[in-house]
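These notebook entries record what I looked up in the structure. I began with the terms, then turned to the whole chain and its parts.

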Amino acid sequence: MISWMFNCLFDSFTLICTTVIGLLFYYYSTSTYETWRKANVPHTKPVPFFGNFFRSTLGFETINDTYHNIYEQFPDKKICGFYQMRTPTLMIRDPELINNVLIKDFSHFTDHGLDMDPSVNFLASSLFFTRGQKWRIMRQKMSPGFTSGKLKLMHSQIKDCSKEMIDYIDRKSKTTDEFDVHDIMNKYATDVIGTCAFGLKLNSMTDEDNEFRKYTKLLFKPSFRLIFANMLSLISPKISNILKIKMNSPEVMEYFTSSFQSVIEYREKNNIERNDVAQTLMRARKELVLNNNSYPEEKFTEMDIISNAILMYLAGAEPVSDTLGFCLHELAMNKHVQYKLREHIIMKRKEHGGEFTNDYLMDLHYADMVLTETLRKCNGTIVLFRKATKAYQVPDSSLVIEKGQQIIIPTYSIHHDPKYYTNPDVFDPERFSPEEKSKRPNSTELLFGDGPRFCIGKRLAELEMKLGLSEIISKFEVLPCEKTENPVQLASAGGAIRPKNGIWLSLKPIVA
């Protein structure tokens, strides 16, 4: 009898505790869900705990699909609201207002607003995540590494990498006529950023077990650790930082950290100076870490330098290879564009004495249009993040965007909006002729971002993409093969548009 009464009391206590904990959790996860109703901002109804990310969290759709669905629900609105788990977030849809946020009124929106602890993610100290004055100082110190003069000095190095790529394709073509062009482009981009930015001869075309590529793949490989850490950061960035769940394996962090520390130590020991990104970062290290007299209010560490070095490598390799891979696929599927591009390349090369010179590359206007259209259709950056750093009165509206408000700009959706790009699923480089571009409002072409926080490596990326594309198109006809997917299947994990199974095409040598 006594045992029965004890069990009943214990079960009742357990039930009560479970109920109370459940109610508290429900209240916590839904306590922000009145934000947009009270502010009279059009929004979609959230699901408890998940907000508007229920389907993407459970894998029923990609995060890009989620953002795009929100965008399309409010076709006539300049701004709409949604809930990223429990975080109220504003989506800016109107090009004029986007221009204000990114450029005109940038002082109100200087930060990305992605709070990250350096002990959790080794990229947290990089330009992408840093905020305020610290970001301004580091951006100022790094910009000299990407001037026109520095890029001209890199031209011959990029050309060497492209020649090694063509030699690799020639060797492989003796045994196969099917190529994973995405993998080849990744090797090419890895070699370019290795030699141009850090003076490293990575030999990706001959070394299939290249450690840089190996650890980069591990960095981007989906894992339970990465998925859980990302989800927790969406639910509560504060809790995520308190628990310090690392997004990347210690092995990957150690490899990249030691690699760039070795570059610094080798150059200092041997008094080596090069006109590259690594040297720019070393100067920043000397001025900001070792002898910071100019900015005593900001504390810089070795990790600030290493983190930016790693960011430059990753940003220079992965997005470039993705873009070139998708571009070659589009050219294989759109023969008329490929033929026009080849004629353009041959004509411009003749005009410039038969050499792939810097002036020749600057004159490749149609190649610019082809690559820009590829970026519009398949850009890996699906949204831009911003955070209000001070209150902002939205023009011609009663809405005040409060300090600390999270904002996203849906670049993918804008680039696929028929209002700005007719038949957006069609690959048409003519959209980016001077005449067509002049018809569109500002801030509808956000391929590298815009304003003071636009991609710092934009011109280097464009240079290596044009040179690599010129070499391939002038020497090979790009064709579909048995393994070719159309459309290319995309990876569901992560927040970028990347091929799931590579991009398989045939490269047929052009006989002169």
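**Entry 1. Terms and the three-stranded sheet.** I count two strands as paired if DSSP finds at least two bridges between them. The model I am reading is a predicted one. With that criterion I find an open sheet of three strands, ordered E3-E9-E8, with antiparallel pairing. I then asked which strands form the edges of this sheet. They are E3 (179-180) and E8 (476-479), each of which pairs on one side only. I looked at the contact of E3 with E9 (residues 504-509) and found two bridges in the antiparallel sense. Within E9, leucine 505 stands opposite phenylalanine 179.

**Entry 2. The whole protein.** I note 20 helices and nine strands in the protein. I read the span of the C-alpha trace along the principal axes as about 95 × 55 × 55 Å. Buried residues make up 52% of the 512. Among contacts with a separation of 6 or more, I find that 71% are between residues 24 or more positions apart.

**Entry 3. Helix H4.** I examined H4, which covers residues 63-73, and found Asn64, Thr66, Tyr67, His68, Ile70 and Tyr71 buried. Against which elements do the buried residues of H4 pack? I list the helices H3 (54-57) and H18 (411-415), together with the strands E1 (79-84), E2 (87-92), E4 (384-387) and E7 (406-409). I therefore followed these strands next, since strands of a sheet pair through backbone hydrogen bonds, either parallel or antiparallel.

**Entry 4. The hairpin of E1 and E2.** I find six bridges between E1 and E2, in the antiparallel sense. Cysteine 80 has methionine 91 of E2 as its bridge partner. Two residues lie between the strands of this hairpin, and there methionine 85 takes a positive phi near 60°. Five of the six residues of E2 are buried, and I record the strand as mostly covered.

**Entry 5. Strand E7 and its neighbours.** How do E2 and E7 pair, parallel or antiparallel? They pair in the parallel sense, over three bridges. Threonine 89 is bridged to glutamine 406 of E7, and methionine 91 to isoleucine 408 of E7. E4 runs antiparallel to E7 and is joined to E7 by four bridges. Here, phenylalanine 385 has isoleucine 408 as its bridge partner. I also checked the side chains of E7: Gln406 and Ile408 point one way, Ile407 and Ile409 the other way, and all are buried. In a regular strand the side chains alternate between the two faces of the sheet.

**Entry 6. Asparagine 99.** I located asparagine 99 in helix H5, residues 95-104. Leaving aside residues up to four places away in sequence, I find that asparagine 99 touches Lys104, Asn442 and Ser443. I also looked up the separation of asparagine 99 from tryptophan 504: 405 residues in sequence, and 38 Å in space from C-alpha to C-alpha.

Terms used. Residues are numbered from 1 along each chain as its sequence is written. This is a predicted model: local features need pLDDT of at least 70, side-chain atom pairs count only at pLDDT 80 or more; totals for chains, interfaces and linings use all residues. Side-chain values use heavy atoms; hydrogens and water are left out. Buried means under 20% relative accessible area, exposed over 50%, partly exposed in between (1.4 Å probe, protein chains only). Contact means heavy atoms within 4.5 Å.
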